[in-house]
Amino acid sequence: SASILAAALDAEELWIWTDVDGIMTGDPRLVPDARVLDEITYSEAAELAYNGAKVLHPRTLAPLIERHIPVWSKNSFAPEKAGTHIVAQLGVSGMEVAGGPRAVTSMSDVVLVAVEPEAAALRGIKLMAEALEALDAMGVELLAITSSSYRQSFCFLVRQAELKTAL
């Protein structure tokens, strides 16, 4: 709601107050040396949220991206902490940008489905296209997809609750 309102009002920035210090490099329950990211892009934050990070709802940033409205994720119990600045492009606000991987997340209750053509004569790409079209028609959300050019096989990741529908 706050992001929709900020976009409608063409706000200069949006502050989201939560119970954590900002968006972290990993789940501190699983990654002992996880730290708060000073700055992160809309895309990075959305991907982390979509793939299991609980700080933001995955759709929170959508209304803000087009208008380039920056977001602060801050801790309401420790307002003196810097939090995480969510922006369109890293480094524009003067913060130092480190190279390499920036964060990691994980998901539970997911299933990897592997599909392999029954015979070499079947075109794997056609099979993949038809499978993706069928998954879309059933409203199945694909979390990830990968393919092998050698065997023309492919795999996709779905939520456990959607496995029956996907199959």
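Author: Start with helix H4 (residues 124–137), where Glu 130 and Lys 126 are four residues apart and therefore separated by about one helical turn. Helices (H or I, at least four residues) and strands (E, at least two) are DSSP runs, numbered from the N terminus. The model is predicted, so local features need pLDDT of at least 70 and side-chain atom pairs count only at pLDDT 80 or more, while totals for chains, interfaces and linings use all residues. Residues are numbered from 1 along each chain as its sequence is written, and side-chain values use heavy atoms, with hydrogens and water left out.

Glu 130 and Lys 126 form a salt bridge, with the closest N and O atoms 2.8 Å apart. A salt bridge here is a side-chain nitrogen of Lys or Arg within 4 Å of a carboxyl oxygen of Asp or Glu. Glu 130 is partly exposed at 46% relative accessibility, and Lys 126 is partly exposed at 45%. For these words, buried means under 20% relative accessible area, exposed over 50%, and partly exposed in between (1.4 Å probe, protein chains only).

The whole structure has four salt bridges. Another one joins the side chains of Lys 81 and Asp 21, at 3.2 Å from N to O. This pair links distant parts of the chain, 60 residues apart: Lys 81 lies in the loop between E3 and strand E4 (84–87), and Asp 21 in the loop between E1 and strand E2 (39–41). Lys 81 has a relative accessible area of 38% and is partly exposed; Asp 21, at 22%, is partly exposed. Arg 29 and Asp 27 form a salt bridge as well, their closest N and O atoms being 2.8 Å apart. In that pair Arg 29 is exposed at 69%, and Asp 27 is partly exposed at 26%.

Two strands pair if DSSP finds at least two bridges between them.

E1 is joined to strand E3 (residues 71–75) by five bridges, and the two run parallel. Across this pairing, Trp 15 stands opposite Trp 72, and Trp 17 stands opposite Lys 74. E3 is also joined to E4, by three bridges, and these two run antiparallel; there Ser 73 stands opposite Thr 84. Three bridges join E4 to E2, which run parallel, and Ile 40 has Ile 86 in E4 as its bridge partner.

Contact means heavy atoms within 4.5 Å, and angles run from 0 to 180 degrees between N-to-C directions of lines fitted to C-alpha atoms, for helices over the stretch in contact.

The largest nonpolar core has 17 residues, of which Ile 23, Leu 56, Leu 61, Leu 64 and Ile 86 touch the most other members. Such a core is a set of buried Ala, Val, Leu, Ile, Met, Phe, Trp, Tyr and Cys residues joined through side-chain atoms within 4.5 Å. Leaving aside residues up to four places away in sequence, Leu 61 touches Tyr 42, Ala 45, Ala 46, Leu 56, Val 71 and Ile 86. A second, separate core of ten residues includes Val 111, Met 128, Val 140 and Val 158.
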